[in-house]
Amino acid sequence: MKKQVSSFGVIGLGRFGAALVKTLASPEREVIAVDRDEARVRAIRKYTDLAFVVDDLNHDTLEATGIQNCETVAICIAEKMDVSILTTMTVVKMGVPNVISKAASEEQGEVLKRLGATVVYPESDMAVRIGKRLISNNLLDYISLDNGVEVRRIQAVGKLLGASIQEVDVRRRYGVNIIAIERNHQTDVDFSAQYRFQKGDVVAVIGKVDKIDRFENSIQN
């Protein structure tokens, strides 16, 4: 039986779009890349054979690339708001199940959301990520989810060191859950309540932002 290949489309091959294609490209994934700039398309053909120069991003020209057959299409042309909105509208109408659109502003993002796209703000998200790292000595990374929920990777410090998961009791005290522990570049998701934190451990927790903040602040004191 032939293995099913995941299919993705990327429209706009600037720095963000090109990086996305390079990340997605693999034998297990089919990636269609589209841009008006011939030089950008030529450069991305090192990563996918399905790279097309498209001067006008309308229904007929996009359909000719096969973009309507993709499971997910990312529209990475936020700098040109009118083109971004019209292209998003076209791709949504083509019936693509998952449409992701890059936005340069909240106003643009609101319009894209109303069209049915999932909106990303790469520059804003990166600024927030860097800011959080600057104001927290032990925050390593985080993923922002819906409804004010985050997953954070936090360095085990202060009160955590030498204490067991049972003794810390983060679920009862702070309303957050430990979902993984990393040590020596190994991630463990099947740990016991008796596990004791050691220097160098990284703790992955999930919960509401304010509750994780309280937990993170408390272990440093």
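Q: Is Glu182 buried or exposed?
A: This is a predicted model, to start with. Glu182 counts as buried, because its relative accessibility is 17% and the cut-off for buried is under 20%.

Q: Which strand is Glu182 in?
A: Glu182 is in strand β9.

Q: What does the side chain of Glu182 make a polar contact with?
A: The side chain of Arg153. The two side chains come to 2.9 Å.

Q: And which residues is Glu182 in contact with, leaving aside neighbours within four places in sequence?
A: Arg153 again, plus Thr187, Gly200, Asp201 and Val202.

Q: Asp201, okay. What does the side chain of Gln155 reach there?
A: The side chain of Gln155 reaches the backbone oxygen of Asp201, at 3.3 Å.

Q: Where is Gln155 placed?
A: In strand β8, which covers residues 149–155. Gln155 is partly exposed, because its relative accessibility is 22%.

Q: How far apart are the C-alpha atoms of Gln155 and Ala204?
A: They are separated by 8.9 Å. Along the chain, Gln155 and Ala204 are 49 residues apart.

Q: Back to strand β9. What's in the loop between β9 and β10?
A: Asn184 is in that loop. Strand β9 spans 177–183 and β10 spans 186–188.

Q: What is phi for Asn184?
A: Positive, about 55°, although Asn184 is not a glycine. Asn184 also counts as exposed, at 63% relative accessibility.

Q: What about phi of Asp169?
A: Phi of Asp169 is near 50°. That is a positive value in a residue other than glycine.

Q: Where is Asp169 found?
A: In the loop between α7 (165–168) and α8 (170–174). Asp169 is partly exposed, with a relative accessible area of 25%.

Q: Switching to helices. At what angle do α4 and α5 pack?
A: About 15°, with the axes 10 Å apart. Helix α4 is residues 81–93 and helix α5 is residues 106–114.

Q: So are α4 and α5 roughly parallel or roughly antiparallel?
A: Roughly parallel to each other, because angles under 35 degrees count that way.

Q: Which hand is the crossing of α4 and α5, left or right?
A: α4 passes α5 in a right-handed crossing.

Q: Which residues meet there?
A: From α4, Met81, Ser84, Ile85 and Thr88. From α5, Gln108, Val111 and Leu112. By class, the contact has 4 nonpolar, 3 polar and no charged residues.

Q: Now Thr65. Which helix is Thr65 in?
A: Helix α3, residues 59–65.

Q: Is Thr65 buried or exposed?
A: Buried, because Thr65 has 9% relative accessibility.

Q: What backbone atoms does the side chain of Thr65 reach?
A: The backbone oxygen of Leu62, at 2.6 Å. The Thr65 side chain also reaches the backbone nitrogen of Ile67, at 3.3 Å.

Q: And which residues is Thr65 in contact with, leaving aside neighbours within four places in sequence?
A: Ile32, Val34, Phe52 and Val54.

Q: Zooming out, how many helices and strands are in the chain?
A: The chain has 9 helices and 11 strands.

Q: How many residues does the chain have, and what share count as buried?
A: The chain has 221 residues, and 41% of them count as buried.

Q: What share of the contacts links residues 24 or more positions apart?
A: They account for 54% of the contacts in the chain with a separation of 6 or more.

Conventions
Residues numbered from 1 in each chain as written. Predicted model: local features only at pLDDT ≥ 70, side-chain atom pairs only at ≥ 80, totals over all residues. Heavy atoms only, no water. Helix = DSSP H or I, 4+ residues; strand = E, 2+ residues; numbered from the N terminus. Buried < 20%, exposed > 50% of the residue type's maximum accessible area, 1.4 Å probe, protein only. Polar contact = N/O pair within 3.5 Å; in protein donor to acceptor, adjacent residues only side chain to side chain. Contact = heavy atoms within 4.5 Å. Axes fitted to C-alpha atoms, helices over the stretch in contact; angles between N-to-C directions. Parallel < 35°, antiparallel > 145°, perpendicular 65-115°, else oblique. Left-handed = near helix turned anticlockwise from the far one by under 90°. Nonpolar A, V, L, I, M, F, W, Y, C, P; charged D, E, K, R; others polar.
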